[in-house]
Amino acid sequence: MRIGKFGYLNNFLPYYFIEESGDVEIVETTPREMASKLLNGEIDYAPVPAFFYLSKKDLLRHYNFCVASEGKVLSVVVVSRDKELDSNSIAVTKDTMTSVNLLKIVLKEKGMENDLVPMETAKASEMLKTCRHALVIGDEAIKARMIYRVVMDLGEEWHELTSLPMVFGISASLREKDSSKVDSKILESLKKAYSRFDEVVDAAELTFKMPREFLVEYFRTLRFEFGEKERRGLNEFEKFCRDYGLLQEEY
């Protein structure tokens, strides 16, 4: 069984003990590449971007492991060289369509018309050479928030808009595959990680060289189980995407 894993800090906690067991083959990559690998059969099960899942629901089945937040997410942010987000263009990474489309929704709901400029790079420092503001995700967002001003946290913006969690990634397989057992293994690993939280934080501190206080806050911020509130949040995201014609775009 080949299991995909986001190559970011946000998957470290739930995957820690399943990786330690060596029971499965882990394929680590970006969210956008994960989507392609799942469709191509290169991996059997993976957390995939929520927008990708919504655009390919007829081909996929989803499971209970997810990556979500109820309020601030800390790692999907718009950073800026300025004090606040104005009408200037926003550089956006091509690594994710979920966050880009969420940003489009938030801007439209705020009545803002910033141009979004796709960039090949995912590094904030490079993106901010082109635009005053930049949408960054994952570990790059965590690093960027320690250097630049955060002018928008998309998890927080979504919660203010809907009062619901934002599901950024959801576990999935091709519809003809049943990966329920591996999904259960991930959730068992997650439960064990919470029960041995300090041990996992120690390991993360060594691996990522990030402040312990931030790691604790970040792991406590994220939600990894797709419950009823997360389901409602994903359904609402799908509704906004359809209302604004975003799901007509090719992933």
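## Reading helices, loops and a cavity

Reader: Where is K209 found?

Author: K209 lies in the loop between α9 (197-208) and α10 (212-221); helices (H or I, at least four residues) and strands (E, at least two) are DSSP runs, numbered from the N terminus. The model is predicted, so local features need pLDDT of at least 70 and side-chain atom pairs count only at pLDDT 80 or more, whereas totals for chains, interfaces and linings use all residues. Residues are numbered from 1 along each chain as its sequence is written, and side-chain values use heavy atoms, without hydrogens and water.

Reader: Is K209 buried or exposed?

Author: K209 is exposed, at a relative accessible area of 67% (buried is under 20%, exposed over 50%, partly exposed in between, with a 1.4 Å probe and protein chains only). Phi of K209 is near 55°, a positive value in a residue other than glycine. Phi of S163 is likewise positive, near 65°, and S163 sits in the loop between α7 (154-162) and β10 (166-174).

Reader: At what angle do α7 and α11 pack?

Author: One compares axes, lines fitted to C-alpha atoms over the helix stretch in contact, with angles from 0 to 180 degrees between N-to-C directions. For α7 and α11 the angle is about 85°, with the axes 12 Å apart. The two helices are therefore roughly perpendicular (65 to 115 degrees). W158, L161 and T162 of α7 meet G233, E236, F237 and F240 of α11, contact being heavy atoms within 4.5 Å. These residues divide into four nonpolar, two polar and one charged (Ala, Val, Leu, Ile, Met, Phe, Trp, Tyr, Cys and Pro are nonpolar, Asp, Glu, Lys and Arg charged, the others, Gly among them, polar).

Reader: At what angle do the axes of α4 and α11 cross?

Author: The axes of α4 (residues 98-109) and α11 (residues 228-243) come within 10 Å and cross at roughly 70°. That makes α4 roughly perpendicular to α11. T98, L102, I105 and E109 of α4 touch F237, F240 and C241 of α11; by class, this contact has five nonpolar residues, one polar and one charged.

Reader: How many cavities of 30 Å³ or more are there?

Author: Rolling a probe the size of a water molecule over the atoms shows where empty space is left. A cavity is a set of points on a 1 Å grid over the protein atoms alone where a 1.4 Å probe fits but cannot get out, and lining residues have an atom within 4 Å of a point. The count here is one.

Reader: What volume does the largest cavity have, and which residues lie nearest its centre?

Author: Its volume is about 170 Å³, the space filled by probe spheres set on grid points joined across faces, edges and corners. Of its 17 lining residues, F6, N10, P31, V76 and F168 lie nearest the centre. α4 and β10 each supply at least two lining residues, and the lining comprises 10 nonpolar, seven polar and no charged residues.

Key: Angles under 35 degrees count as roughly parallel, over 145 as roughly antiparallel, 65 to 115 as roughly perpendicular and the rest as oblique. On a 1 Å grid over the protein atoms alone, a cavity is a set of points where a 1.4 Å probe fits but cannot get out, and a pocket is an open set with protein on both sides within 12 Å along at least five of seven lines; lining residues have an atom within 4 Å of a point.
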